[in-house]
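Colleague: Could you take a close look at one part of this predicted model for me, the open sheet, with a word on what surrounds it?

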Amino acid sequence: MTILHVEDDPAHAHLVRKNLKRSEYPGNVINFEDGRQIIDFLNKKESGEYYPFVILLDLNLPGIDGFEVLKTVKDDKDTMRIPVIVLSTNGEKSEVDSCYEKGANFYVRKPFDYSEFSAAVRKIAALFELIESPSYSS
Amino acid sequence: MKRIAVFAVLFSIIITGVNGVTIKVGVYNNKPQLFVDDDGRVKGIAADLLNYIAEREGWELEYVQGSWAQCYERLKSGENDMQAVIGVTGERLNYFDYSSNRLLLAWGAVYVNDTGDVKTIFDLEGKRIANLKKGLIAGRFVKLLAEYGVQAEIVMTDSLIEALRLLDEKKVDAAVLNRVMGEYYEHEFNVERSPIIFGAFESKFAVRKGTNAFIIKAIDRHVEKLKKEKDSFYYRTLNKWLHPHPLSDVPDWAYFAAALIVVIALISSGTSLYWRKIIFDQTQSMSRQNSKLKKYSSELRRINIELKDVLRIVSHDVKSPLVSLSGFNGELKLHISALLSAAEAGDKEKYLEAKADITEDMFFIDSAVKKINRLISSVHKISKLERSGIEPVDIDMFKLFSKCAESMRYQILQSGTELHINPMPHVRADYKSIELVVSNLLDNALKYLKDGVPGRIETGYEEVKGEHIFSVRDNGVGIRSNDIDKIFKIFKRVGAHDKPGDGIGLNYVQTALRQNGGRVWCESSLGEGSVFYFSLPLNAYARSEEGGEG
C-alpha cells in the first residue's frame, strides 16, 4: 500500500502528504528528491515489500528528470504495471501528450485542488481494487 | 611606189621623234581618268600616263578641251591627233585605231538619291535619268532600257559631272556614270550607287583610223612595260587617282572626331576604373558588413534561444513557489477555520494542533515568497550584467585568483582543502566581470567537494591558439556527463540539492565571459571531480575596437 512520491520541492511534497493524510490514506508515502533515487529504489530487491500501488511523479527534477523516470518505469517489465500520476506545474498540451505517450496514467496540473488530486488517487485505487476503504472505493 | 610611201612614213616618225612633234589630245571631263582642274591644268590617270610617255618620247602635248561629243567629233575629223579615255565599240572601230593595252576596265553604274527606291532596272520606269551626250555608256543604257521595255525620260548632259549635279539637286531621279567616275565623285555629292551595273568596256587610247600609228605603238610599248612592274608609275598613278581619299586628305573634323573619341574613350576608361574601384571598395565594405551582420545575427539567435530558455525556466520556477503559495493559502484557510472552531468549542488539543498547522503554513508561505524574490533578483542580476558595458583594464590574474581565494580563506581552512594557484599572466578585460568568474568557479569547486575526502583545488593556465585558457580543477563529486550541458543554464541545478544556491552562478559566469569575448566549458567525471575552463582573447584591444564599430 505504498505510494512513491518523487518531488524535489519540500513545500510541494508536504502539501501532497497533507492531502493524502486528509484523505485518510492508510498506507506509507515514501518521498524521493530526484529521479536517480527512485530508480535506484525500484532496482533494489528489497523494494518488493514496499511495492507501490502508485507513483506520484513531478517532472522537473534535478539529475534524471521526470520524463526519464516515467520512461524507465514504463519500459521495465517489472515496473511497467505500476500506475503513474504525473504532477506538473506546466500543463501544456505537448507535455500532457508526451506523458501519456510514455505511459502516464494521469496527468494532474499543479496547483491542484484537493478534490482533483484525491479523485485521481481514488480512481487508480478502484481500478486496481487494492483498497477496500470506503473513501477509496467509489 | 608603195615602197616609197612606206619609207616616207618611217622617215616621218624618225624625224618627229627626234625633233619633237606636237600632238593634239582631246580632253573632256571624265574625272579621274581625264579632266581639267580649276586652274586649267589637265589631269587624271590618262594625262599622267601621256605626260610620262611624252617626256620619254620627246612629244609636245597640246590638250584640246571640249565636251565628250566635241572630242569625239574632233578625233573623227582629224582635228585632234589622239583621244585618251575612249571606250571601244564595234562602230568606233570603223573610225579609230585603238591601243592594244587598255587604260582601265570600266562599266556603267546607275546613281540615285535613295537606293531604297531603285533596286532593279524596272524601278527606273517613269524616272528622269541624266545621261552623257554621245557617251558609250549612255548609248548602252538606252539600249538596256529598251531591251527591258522600261520607259524613262532621258536628260542628255554634256558632262558626267553635270549629270551628277542634276541628280544631287534632284532635278533628275537617276544619273548614268561610268563606275570609275562614280566612285570618285560619290562622296562629294548627295547620291548613292544603286545595285544596277551594266555594259563593261575597255577604256583605251585612240587615234583617227589609219593615222598616227607611232602614237599608239609608243603608248603600247610603255604601258606594256609599266604594267609588268608592280610598283611602276602606272600603278602609282592608278592608286593615286582611284583612291582619292587617302589619310592625308582626311578632313579636320575627322581628326577632331578621332581626338574626341580618344578623349571620350580615356574618360570612359578612367570613369570605368573609378567606378570599378568604387564598386570594389563597396563590395569589400559590404562583405565586411555582411560578415559582421552574420556574426550579430548568430549572436541574436543565440540570445533569442537563451531568452526563450530563461523565460521557460523562469516561468516554471516562478510557478513552483506560486503552487506552494496557493496550496498553503488553502491549508491556511482550513486551519484558521479549524482554529476558530476549536476556540469556540473550547477544544484545547485541536486548537493547539490548528495553531501548529497555521505556523507551518505560514513558514511555507514565507519560504515561497522568499523564493519568488530570489528568482526576481537573480533575473535582474543577469539582465543587469547583459546590459552593462565592459571596461577593459590590465588584470594580474594571479593576484585576482589569490584575492578571491583569500575571501574564501575561512571555508578553505575549515574544510581542510589544499588550494594551489599556479603562475598566470596579465590579461586585458573587465575587472568586475572576471572577478565574478573566478570567485564563482572557486566557490563551486569548494562547495562540491566530496564529504570525508581531503579536497584539492588547483588552478592552471596555458595559451592555446591565440587564447588565454584558465582552469580550476577539483577532486569533488563531479558531474554526470548528461548533465554537463545543463549546468550553464539559468536556475538549473543538477545532482543533489544539498548545497545552498539558486542555480544562476554558472550562467552568470558564462554571460560575464561572453561580454569579455571569452567562453566557459567543463570536463567532469562523476565521483572523480571536475575541471572548469574559461578563455579570454589574447588581444582584447582588437576585440574591443571591433565591437565599438557596430
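**The sheet and its surroundings**

Modeller: For background, in chain B 74% of the contacts (heavy atoms within 4.5 Å) with a separation of 6 or more are between residues 24 or more positions apart. Chain B has 15 helices and 18 strands (DSSP runs numbered from the N terminus: H or I, at least four residues, for helices; E, at least two, for strands). It's a predicted model, so local features need pLDDT of at least 70 and side-chain atom pairs 80 or more, while totals for chains, interfaces and linings use all residues. Residues count from 1 along each chain as written, chains are lettered from A and ligands numbered from 1 in written order, and side-chain values use heavy atoms, without hydrogens or water.

Now your sheet: five strands of chain A, in the order β2-β1-β3-β4-β5, pair in parallel (pairing takes at least two DSSP bridges). β2 (29-32) and β5 (106-109) of chain A are the edges; each has a single partner strand, so one side of each lacks a neighbour in the sheet. From one strand to the next, the twist averages 20° (axes are lines fitted to C-alpha atoms, for helices over the stretch in contact; angles run from 0 to 180 degrees between N-to-C directions).

Strand β4(A), residues 84-88, runs parallel to β5(A) and is joined to it by four bridges. Ser88(A) sits opposite Arg109(A) of β5(A). Helix α4(A), residues 93-101, packs on the sheet and touches both β4(A) and β5(A). The direction of α4(A) makes about 150° with that of β5(A).
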